[in-house]
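Visitor: I have a structure open and would like to go through it piece by piece. Can we start with the strands and then move on to the charged pairs?

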Amino acid sequence: MSRNHQKNSRILAISLTNRGFGFAVMEPPETLVDWGVKTVRGDKNAQCVEKIEDMLNDYAPGLVVLEDASAKGSRRSTRIRILCAEIVAAASLRKVGVSLLSREHVRRVFFGDYKGTKDALAGILAKRFPEEIENRLPPKRRPWMSEDYRMAIFDAVALGLGLGAIHDQQDRRHGMPHLRT
Amino acid sequence: MVTTRLPNYLRSHRKRLAFSQEDVAFLLGAGSGAKVCRYERFVRVPSLETALAFEVIFRKPVRELFAGQYEKVECRVLARAQKLLETVDEGEPNRIAIQKRKAIIDLAAAGDGELNNLS
């Protein structure tokens with residue numbers, strides 16, 4: 001797929017969690033088309049793949065973006081790593097491109113210096129998309145709390161925007177005009 | 001621009017207003033949210049009345065809500081407009097033909113398409 005086509009493609013961003021996954025469907029330049037969380041029980045991987053295949057059929061994205069579960073320093077579980085590979089396979093079958101982004105990359109896009117909490121990131125995204133996801137912003141996490149399931153939505157949106165940042169960087173390197181504002 | 005638009009963006013607009021599928025079904029006068037789900041998943045195309053109801057609910061024009069569908073229809077109409085233009089140009093160049101020709105060209109200009117042989 002050409003870089004131009006990738007940049008103009010609809011993106012399906014997926015953030016895998018213990019309970020299922022968060023997702024965001026985005027159209028360039030930065031329109032959120034759909035977003036939410038899917039919860040699964042039982043054979044989690046099989047159910048996740050089934051739901052994601054439904055989304056691939058419905059939204060026909062040009063690109064899927066996932067967190068790179070095998071990146072250096074990643075502490076994702078074996079199940080998630082296997083699931084990641086299964087999603088990549090499902091997307092490839094449909095000739096849909098896949099991008100894997102590390103958490104560090106996403107943090108760098110939004111915070112520049114790798115420092116920044118998930119709560120802070122979610123706050124930034126809620127301000128950027130107030131109509132869409134501000135009402136899903138969970139309360140600030142305290143040390144004794146588990147991560148709120150809604151955080152997966154913000155993780156997914158961050159992945160989608162992180163991919164856009166890569167395309168912009170590549171454009172700048174190739175002397176092409178910066179299309180995103 | 002995105003390569004192809006989705007048939008509709010009903011779900012997107014529904015979620016922005018924090019409506020559930022049941023809420024929208026109630027506003028449409030439909031039995032259940034399942035009908036709304038079918039529209040949102042592009043399984044069914046709503047009737048004209050239902051499409052207009054969506055415009056009322058979401059306060060967005062039908063053309064925007066059903067962007068992909070609109071583009072398909074526009075493409076087909078412009079293809080037929082091209083053929084109609086050729087027919088008009090083959091006939092007598094009277095005032096009616098001139099007016100018709102202008103209308104067809106304006107039709108294409110209003111959309112995003114182009115017609116050939118506009119001299």
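Guide: Start with strand 2 of chain A, residues 20-27: eight of its eight residues are buried, so the strand is largely enclosed by the rest of the structure. Keep in mind that this is a predicted model.

Visitor: Which way does strand 1 of chain A pair with strand 2, and over how many bridges?

Guide: Strand 1, residues 11-16, pairs with strand 2 in the antiparallel sense, over six bridges. The two form a hairpin with three residues between them.

Visitor: What stands opposite A:Leu12?

Guide: A:Val25, in strand 2 of chain A.

Visitor: And strand 3 of chain A, how does that pair with strand 2?

Guide: Strand 3 covers residues 31-39, and its pairing with strand 2 is antiparallel over eight bridges. Strands 2 and 3 of chain A also make a hairpin, with three residues between them. A:Glu27 stands opposite A:Thr31 of strand 3 there.

Visitor: Back up a bit. How many helices and strands does chain A have?

Guide: Seven helices and five strands. Along the sequence the order is α-β-β-β-α-β-α-β-α-α-α-α.

Visitor: What share of chain A is buried?

Guide: Buried residues are 46% of the 181 residues in chain A. The accessible surface of the chain is about 9300 Å², and carbon and sulfur atoms hold 50% of that.

Visitor: New topic. Where is A:Glu67, and is A:Glu67 buried or exposed?

Guide: A:Glu67 lies in strand 4 of chain A, residues 63-67. A:Glu67 counts as buried because its relative accessible area is 14%, and the cut-off is under 20%.

Visitor: Which side chain does the A:Glu67 side chain make a polar contact with?

Guide: That of A:Arg76, at 3.0 Å. Beyond four places in sequence, the residues in contact with A:Glu67 include A:Ile14, A:Ser74, A:Cys84 and A:Leu159.

Visitor: On to salt bridges. How many are there over all chains?

Guide: There are 18. One of them joins the side chains of A:Asp34 and B:Arg11, at 3.7 Å from N to O. That pair crosses between chains, from strand 3 of chain A to helix 1 of chain B, residues 10-16.

Visitor: Are A:Asp34 and B:Arg11 buried or exposed?

Guide: A:Asp34 and B:Arg11 are both buried.

Visitor: Which residues are in the salt-bridge network with them?

Guide: B:Arg14, B:Lys15 and B:Glu40 are linked with A:Asp34 and B:Arg11 in a network of salt bridges.

Visitor: What about A:Glu147, which residue meets A:Glu147 in a salt bridge?

Guide: A:Arg141, at 4.0 Å from N to O. A:Glu147 is partly exposed at 35% relative accessible area, and A:Arg141 is partly exposed at 43%.

Visitor: Now chain B. How far apart are the closest N and O atoms of B:Lys102 and B:Asp106?

Guide: 2.8 Å, in a salt bridge. Both residues lie in helix 7 of chain B, residues 95-110, four residues apart, which is about one turn of the helix.

Visitor: Why does B:Lys102 count as exposed?

Guide: Because B:Lys102 has 53% relative accessibility, and exposed means over 50%. B:Asp106, at 38%, counts as partly exposed.

Visitor: Switching to nonpolar residues. Which ones make a surface patch in chain B?

Guide: B:Val73, B:Val77 and B:Leu107 make a nonpolar patch of about 210 Å². B:Val77 is in helix 6 of chain B, residues 67-90, and is partly exposed with a relative accessible area of 33%.

Visitor: And B:Val36, buried or exposed?

Guide: B:Val36 is buried, at 1% relative accessibility. B:Val36 belongs to helix 3 of chain B, residues 33-40. Leaving out neighbours within four places in sequence, B:Val36 is in contact with B:Gln21, B:Val24, B:Ala25 and B:Leu28.

Visitor: How far is B:Val36 from B:Val73 in space?

Guide: 22 Å from C-alpha to C-alpha, with 37 residues of separation in sequence.

Conventions
Residues numbered from 1 in each chain as written. Chains lettered and ligands numbered in written order. Predicted model: local features only at pLDDT ≥ 70, side-chain atom pairs only at ≥ 80, totals over all residues. Heavy atoms only, no water. Buried < 20%, exposed > 50% of the residue type's maximum accessible area, 1.4 Å probe, protein only. Polar contact = N/O pair within 3.5 Å; in protein donor to acceptor, adjacent residues only side chain to side chain. Contact = heavy atoms within 4.5 Å. Areas by Shrake-Rupley, 256 points an atom, 1.4 Å probe, with all protein chains shown as cover. Patch = residues over 30% accessible without salt bridge, like charges linked within 9 Å, V, L, I, M, F, W, Y side chains within 5 Å. Pairing = 2+ DSSP bridges.
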